[in-house]
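Please walk me through this structure with a few questions and careful answers.

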Amino acid sequence: MRDEERAWIYFVLLMCLCECSASQLSYSISEEVNKGTVVGNIAKDLNLNLKEVETRDLRIVSTNSKKYFNVDLQTGNIFVNERIDREELCPNSALCSLKIQAVLSNPMTVHRIEVNVLDLNDNSPEFVEQLYLLNISESMYPGERYLLPIAEDADTGTNSIKSYKLSQTEHFSLDVQSSGEHGVSAELVLKKALDREKQPVLKLILNALDGGKPVRSGTLQINVNVIDANDNTPLFSKSLYKVQVSENASQGTVVIKLNATDLDEGMNGKILYSFIKRGNSDPSNIFNLNSETGEITVKGSLDYEETPAYEVRVQAMDQGVSPRSSHAKLLIEVIDVNDNPPEISVTSLMTPITEDAELGTIVALVTVSDKDGGGNGFINCKVVGSAPFKLKSSYKHDYSLVVDGPLDRENTPVYNVTITATDEGSPPLSSIRIITVHVADVNDNAPLFMEPVINAYVKENSPVGSLLHTIKAFDPDQDSNAKVTYKLLDSSPKNIPISSVLNINSETGEIISLQSFNYEELKTFQFKVQATDSGVPPLSSNVTVNVLILDENDNSPTILAPYSEHGSVNSESIPYSAEAGYFVAKIRAVDADSGYNALLSYHLSEPKGNNLFRIGTSTGEIRTKRRMSDNDLKTHPLVVLVSDNGEPSLSATVSVDVVVVESTADIQTQFRHVPIKEDSFSDLNLYLLIAIVSVSVIFLLSLISLIAVRCHRTDGSFSRYSAPMITTHPDGSWSYSKATQQYDVCFSSDTLKSDVVVFPAPFPPVDGELISINGGDTFTRTQTLPNKEKVGHLC
C-alpha cells in the first residue's frame, strides 16, 4: 500500500515538472495520508536552488484555519502537516482541492499552489433511521408502489452508493432506479396481496451498497403493518333532511341531530361528521356541527330577508386507515319573524303645487316596501292628520299622494304631510315619513282696504302739493300678485274732474292736492280710489274717500242792516224816563267762517261820561244799565265791536248815537218801547207764547226723528254715533248731545223776539268748528271737535 502511494506521488510530481512553465503549481494527494507525506518539491518546480530557498525564507500560507501543508527548507519538499479528511473539507462535492501560496522574500514573490484531495472509500452507506414502519391495507392490489428511504454515503464517485438489495419475501420486490449523478433510489413493489389474518406484520431488510473496493454496505429494518380493510361505508338515515328554524333563534339553538351508521368495527366503524364546503358558501359561518355527535346548532345570526333557506351538504366519514364516507343533503328553512319595519320612499315630488290645484292632482309618488315575508310583509299605508291630501293606490305598494281638499296659501303656505306604513305582523311594525309640500301662490285675493270709507281732512287755503292722506291696501297674495298700484276713479266735485283737483302716487298711495280749497265754497267732496294688484289677471277693489275741508278764520264779521259798518253813524232814540234794562237796539252780524271762527261776541267801546249802556255779548242787544239823570248827556255816541273766536280773532265795528228824548211819542219805532215788566198779559205776549210753543213742538219732533234715524243707521257717512242724551237747563233751554255732537236750544227772555239757538254738526267732528247763522232771530250751530268733547251751549 505504501509503495502504491509513493508511485502515485511520483506520477503527480512528474506531471508538475512537465508543467513547470505554468504560473500555478498543482499537486494531488489522497485523503487520510500520514503526516509528513511529501506532496512535491517546490524548489525544483520553481527552479530555485536550496540556498536561495533558505535565504529567501520560503513559506507556505493558506486561508484555512488549519495548516495542512508545510515546506522543508533543507530539501525544498512540501509535506502534509495535518490530517486531511475530504468529507470534512468538501462535503457533497465531487471535486475537492486546497489552495495555498508559496511566499519568497528579497524580493517578495508569491506562487499559487492547488492541491487536489483524492477520495478514499472510507465511509459506509448509512440510513437516517434504523427502523421504517409501513402501513399497507390488505385490500391493496399487486403493483402498488411504496417509496423507501434512501441511504447516505459521505464518499463520492465510485465510492458512493450504487445499489439496494431487499431480503427475500414473496409479497414484495425491489425496484432500484438510478438518477445519474444524483444517486439511486428504491421502491417497494407489492407482488402479492397481503392477508392481515395470516401475517399482520412483515419484517424486511433493505441493504445499501457502495461501489468501492472492497464494497461497503448499510442496512434498514422495514416493518410492514398489514391494515384491516375498511370495506363498509357509513350510511345516513336519510338522503335528504328538511328542518325549520326561526330567524331570531339564539346561538346554540339545536337545528338537527344527524345519524349515520357503519358496520365496520373499531376505527373503521367510528364516524366523524363534517360540512362540505361548496363554492363560496361556507355553512360553518352560520352553523356549528359536532363532529362526533352530528348535532347542528346555530352559530351566527340568521336573517330571513338575506337568506330564506340554506342548502347544506354534510359528510359522514369513518376513521379507517383508508377512510370511507357518504353524503347527505340538509335543507334548513328559515322561518320569518316580523323584525323589519316598512320602508317609505318618495320616488318623485312635484312641489310647489299651486293653491288652485284641482282635486286629484298628483303631488308625489310614494313607494312602500317591507323585507319581511308573508303577512309580515303586507303593508297598509295612509295619511295621518287633517291635511288636504290622501294616498291613492296605483299598483301593489305604489301610491300617489293627491290633493283631497282646497288649498289656501294665505292660510297654510307649507304642509308637512305625515304618511304612516304599518305591516300586518304580530306585533305590527310601522314607519313614518313626512313629506313637505309647498303651496305656490295664485292671484285669488283682491287688495283689501282696512275701512270701507276713509275720511281725509285738509285745511282750507292749504298750499298746492299738500299731502291729504296715504291710502294703504293689503293683499295677502305673494310676490307680483301682492304688488298693489293705486289710481283715482273719475268723479266731479262741482263738475270739476277729480284728476284736476287731486293726484295719487300709484306706488305709495299718497294723495296730493293740486289746488287750494275754500271752505266757504266747498266744504266736502267725495271720490273713490281703486287698488289693483299685478297678478294675471289683475284683481282690484275700491274705497270711498271723503275729503273734509277744515275751516280757517279767513273772514271778518259782517254787520247786518239796518246798521252799517264803521265809517257811518246810526242813530237810535230812547225816552228820558226809560228804566234800567230798556231795549235800545240790537246789532246783528254774520261770519262766513264756521265753528269757533264764526262764534261772534259783541262789546261796547268805553263811552264818554258815565257808563249808561250795556250790550249782550252773545245777543248784540244794547240796553240801559240804569235810569237817566239830569247830569247825563242827551246824546251818547256808542261804538260796537263785533269779534269772532278765531285764531287770530277778526272783528268789525259800527257806530250808534243814542239820543235821549223827553217822551215816548218822539220815538218812531214801536218795537223799541217794550217795558220790562207789564202787569197785564197783552196780545203780543200771547202771540209770542204760541210761537215759542209751536217752535218747541216742531223742534222736539224733529229731534226725536233725528235720534231714531241715527239709532237705526248702520252705514254712517262720516262718523260713528252713540246713544244720545237730552238735558234741560235752568234757563229754560234744552241740550241734545252725543259723544261727538250736541244740539242746544235756547230761549232768550230779555227781548221781544226770543232767540232760538241750535248747535248741530253736518259731518265728522273737526277741531274748532262753530257756525252761527242769523236769519230773522239768531240760529247758531256748533260742533264738537275731534279728540275734544267741546259743548257749544250759547244762550
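This is a predicted model: local features need pLDDT of at least 70, side-chain atom pairs count only at pLDDT 80 or more; totals for chains, interfaces and linings use all residues.

Residues are numbered from 1 along each chain as its sequence is written, and side-chain values use heavy atoms, with hydrogens and water left out.

Q: Which cysteines form a disulfide, and how far apart are their sulfur atoms?
A: A disulfide is taken here as a pair of cysteine sulfur atoms within 2.5 Å, and the structure holds one. The link is right-handed, with 65 degrees about the S-S bond. The partners are cysteine 90 and cysteine 96, and their sulfur atoms are 2.1 Å apart.

Q: Is cysteine 381 buried or exposed?
A: Buried means under 20% relative accessible area and exposed over 50%, with partly exposed in between, using a 1.4 Å probe and protein chains only. Cysteine 381 has 15% relative accessibility, and therefore it counts as buried.

Q: In what order do the four strands of the open sheet lie?
A: Strands (E, at least two residues) and helices (H or I, at least four) are DSSP runs numbered from the N terminus, and two strands pair if DSSP finds at least two bridges between them. The pairing in this sheet is mixed, and the order is E18-E25-E24-E21. Strand E18 (240-246) and strand E21 (271-275) each pair on one side only, which makes the edge strands E18 and E21.

Q: How many bridges join strand E24 and strand E25?
A: Arginine 313 stands opposite lysine 329 in E25. Strand E24 (residues 309-318) and strand E25 (residues 325-335) pair in the antiparallel sense, and the number of bridges is nine.

Q: Why is the pair of phenylalanine 127 and tyrosine 164 tilted?
A: Rings of Phe, Tyr and Trp (its six-membered ring) pair if their centres lie within 6.5 Å, and planes under 30 degrees apart count as stacked, over 60 as edge-to-face and the rest as tilted; the count comes to seven aromatic pairs. The ring centres of phenylalanine 127 and tyrosine 164 are 6.3 Å apart and their planes stand at 50 degrees, so the pair is tilted.

Q: What angle lies between the ring planes of phenylalanine 287 and tyrosine 310?
A: Phenylalanine 287 and tyrosine 310 are both buried. Their aromatic pair is edge-to-face, with 5.4 Å centre to centre, and the angle between the planes is 90 degrees.
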